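This briefing is for a reader new to the structure.

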Amino acid sequence: MVRHPDAPLNERRRRARWWLAPLPPPPAALRRGPLRPDAFPSPLRSTRLTSRLGIALGVAFGVCFLTGLLSHLIQHPPGWFIWPSRPVWLYRLTQGVHVATGLASVPLLGVKLWSVYPRLFTWPPVRSVAHAAERASVGVLVAAALFQVIGGVLNISRWYAPMPFFFTTGHYWVGWLAAGALLVHVGVQLPVVTAALARPQPPDLPPRRAEAAVAEAAVDESAADPAVARRGMSRRGLLTATAAAAGLITVTTVGETIRPLSGLAVLAPRRPDVGPQRVPVNKSADGAGVRAAALDPSYRLLVDGPGGHLSLDVAALNALPQHTADLPIACVEGWSATATWTGVRLADLVALVGADPARATVLVESLQAAGRYRSSTVPPQLTRDPLTLIALRVGGEPLHIDHGHPARLIAPNRPGVLQTKWIGRIAVGGPR
Ligand SMILES: Nc1nc2c(c(=O)[nH]1)N[C@H]1C(S)=C(S)[C@@H](COP(=O)(O)O)O[C@H]1N2
Ligand SMILES: [Mo]
């Protein structure tokens, strides 16, 4: 920048802060419809109400973002990331919280947006470059928040038609966008929120408005009774209704992972005890196109390792030492169910083909020919884990075909998408 030593000091300062300089206002003739003054008269809207909703939503989004990030790291672990195998229910909890906080955000976000949408029509639309940037960042936040909440609900409802992209990737990256925009928003609005919450609470209806309402009602024949004029909702009533809606959504869905509440889970896409062998199913054998291969009498489980190759039929698998573990299937979609699994320890199979279970990374492949979840990688700390099974039975019965007959992977504290069903091949020392 060229300096002008002669320019007066404030002139230089003003130029330096060009982003705060007022912009020329647009023609006043445009100030019509929703842009006219007082176009949104609801007395329910207030900075205090918006602040309270904002805090609730900020907490829900923050928890949802962190638990979602965790789920992403577990499914795509970078080198530095180690996810413990105990407690076996931890992922079930974090992912249950992820989906529950996301669902509770639906009414919070709806009412929050209602409380601020008149600002879409503020006049003048942009006061300065800084104001324009702030409005743009709120635009990004609103778009990202709606994208996350709507996409998440579509995903747990397994309705992918409206999403012409791979949900998981979109949800992950837009999650970062939402988190960044939320941080900017909190930074900008924190002083406003602090001030709004510090002020003594205003009465539910400003008296002037209440009087006006009574006067209006007196004119209206059908509502001549002044008591009727106050029938509108109060701010406290609105907050209570919003909290009740969030609570109702939680109570009618959280039973998808908390078994004693499963009877109330009328809005949940899955119930923990509904499905073959009392365990839900996401992908059926027919859906995966594996029925014929899984029921074929010539089925063999291939185990390839540095010191040998095995080809085991179902009888041979049953002849190996059997172990039992109570472990949950915890789907990324928020439902989970614990069952009693019986089968062969992965560590035993790994040792049989000449590898050290404590150091072996194992690739587990399904008979399923295509699909994102046709294989999964088991890290060494799970390979050696005595609870990691190639399960042949659930609840004492041979696996139902939809649960992965003849053999499926079940390992402790692991997302459902990584619990590969209809296993055809186990490659020991495979790609990390
Ligand atoms: N081969 C294969 N295995 C799979 C899947 C799949 O699509 N293909 N889906 C996974 C998902 S998303 C979940 S939640 C669990 C569910 O196991 P279940 O159907 O026995 O409850 O299986 C996993 N195993
Ligand atoms: Mo899943």
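A residue is called buried under 20% relative accessible area, exposed over 50% and partly exposed in between, with a 1.4 Å probe and protein chains only. The model is predicted, so local features need a pLDDT of at least 70 and side-chain atom pairs count only at pLDDT 80 or more, while totals for chains, interfaces and linings use all residues. Residues are numbered from 1 along each chain as its sequence is written, chains are lettered from A and ligands numbered from 1 in the order in which they are written, and side-chain values use heavy atoms, with hydrogens and water left out.

**Confidence**
- The average pLDDT (the predictor's confidence in each residue, from 0 to 100) of the protein is 90, and 90% of the residues score at least 70.
- Over residues 210–229 pLDDT stays under 50, and the model has nine contacts for them beyond four places in sequence; a contact means heavy atoms within 4.5 Å.

**Overall make-up**
- The protein has 13 helices and ten strands, which are DSSP runs numbered from the N terminus (helices H or I, at least four residues; strands E, at least two).
- Of its 432 residues, 41% count as buried.
- Among contacts in the protein with a separation of 6 or more, 67% are between residues 24 or more positions apart.

**Helix α8**
- Helix α8 covers residues 235–251, and its end C-alpha atoms are 24 Å apart, in agreement with the 24 Å that its 17 residues should span at 1.5 Å a residue; the expected span is 1.5 Å times one less than the number of residues.
- Arg235, Leu238, Thr242 and Ala246 are buried in α8.
- The buried residues of α8 fall within an arc of 70° seen down its axis, so they line one face of the helix; the arc is that of the directions from the helix axis to the C-beta atoms.
- An α-helix has 3.6 residues a turn, so residues three or four places apart point the same way.
- The buried residues of α8 pack against α2 (47–75) and α3 (90–116).
- Exposed Arg236 and Leu248 are on the face of α8 turned away from its buried side.

**Glycine 33**
- Glycine 33 is in the loop between α1 (9–16) and α2.
- With a relative accessible area of 34%, glycine 33 is partly exposed.
- Glycine 33 lies 9.5 Å from phenylalanine 121, C-alpha to C-alpha, although 88 residues separate them in sequence.
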